[in-house]
Amino acid sequence: QVQLVESGGGLVQAGGSLRLSCTASRRTFSRYVMGWFRQAPGQERELVAVISSGGSTYYADSVKGRFTISRDNAKITVYLQMNSLKPEDTAVYYCATAPFPGVITDSRLYDYWGQGTQVTVSS
């Protein structure tokens, strides 16, 4: 069983930055794709960013140019650097992993999820 724990959320003013971290329970983490998702109140969960086992990335259009996903396999941790934050970025952010090495954009294929961390961006 894989366990994922997110941290780094908080309250920030529009235009500010936050870095989210997600630490996995096993070092086999390095074989699998990792993704960040978010869910705002009353909204469906949406994909934010993905990083493959080899470091290839994918970003939602809404965050492209502002967010950066990265991973440190030695630390079994994936990061989401969020810059130029907007109020519409407010959501609970979740990290997740899927049993594939490559970029996966379908949330239904992710089988392990973290507990989420709240990001609130004030205007």
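Colleague: Is T117 buried or exposed?

Modeller: T117 is buried, because its relative accessible area is 10%, and buried here means under 20% relative accessible area, exposed over 50% and partly exposed in between, with a 1.4 Å probe and protein chains only. Bear in mind that this is a predicted model, in which local features need pLDDT of at least 70 and side-chain atom pairs count only at pLDDT 80 or more, whereas totals for chains, interfaces and linings use all residues. Residues are numbered from 1 along each chain as its sequence is written, and side-chain values use heavy atoms, with hydrogens and water left out.

Colleague: Where does T117 sit, and what does T117 touch?

Modeller: T117 belongs to strand β11, which covers residues 117–122; strands are DSSP runs of E with at least two residues, helices are runs of H or I with at least four, and both are numbered from the N terminus. Leaving aside residues up to four places away in sequence, T117 touches E6, S7, G8, G9, L20, A91, V92 and Y93, where contact means heavy atoms within 4.5 Å.

Colleague: Which backbone atom lies 3.2 Å from a polar atom of the T117 side chain?

Modeller: That is the backbone nitrogen of G9. A polar contact is a pair of N or O atoms within 3.5 Å; within protein, one must be able to donate a hydrogen and the other to accept it, and residues adjacent in sequence count only if both atoms are side-chain atoms.

Colleague: Switching to L20, what is its bridge partner in β8?

Modeller: L20 has L80 as its bridge partner in β8. Strand β3 (residues 18–24) and strand β8 (residues 77–82) pair in the antiparallel sense over six bridges, and two strands count as paired if DSSP finds at least two bridges between them.

Colleague: Which sheet are those strands part of?

Modeller: They belong to an open sheet of four strands in the order β1-β3-β8-β7, with antiparallel pairing. Its edge strands are β1 (4–7) and β7 (67–72), each of which pairs on one side only.

Colleague: And disulfides, how many are there?

Modeller: The count comes to one disulfide, a disulfide being a pair of cysteine sulfur atoms within 2.5 Å. C22 and C95 form it, with their sulfur atoms 1.9 Å apart. C22 lies in strand β3 and C95 in strand β9 (residues 91–98), so the pair ties together parts that are 73 residues apart in sequence. The torsion about the S-S bond of C22 and C95 is about 55 degrees, so the disulfide is right-handed. Both C22 and C95 are buried.

Colleague: What about the core, which residues touch the most other members?

Modeller: In the largest nonpolar core, which has 28 residues, these are W36, L80, M82 and Y93; a nonpolar core is a set of buried Ala, Val, Leu, Ile, Met, Phe, Trp, Tyr and Cys residues joined through side-chain atoms within 4.5 Å. Strand β3 gives the most to this core, with four residues. Apart from it lies another core of eight residues, among them F37, L47, I104 and Y110.

Colleague: Why is β5 described as largely enclosed?

Modeller: Strand β5 (residues 46–51) is largely enclosed by the rest of the structure because five of its six residues are buried. It also pairs with strand β6 (residues 57–59), in the antiparallel sense over three bridges, and V50 has Y58 as its bridge partner in β6.

Colleague: Last topic, which residues have a positive phi although they are not glycine?

Modeller: I76 and S84 are two such residues, with positive phi values of about 40 degrees for I76 and about 50 degrees for S84.
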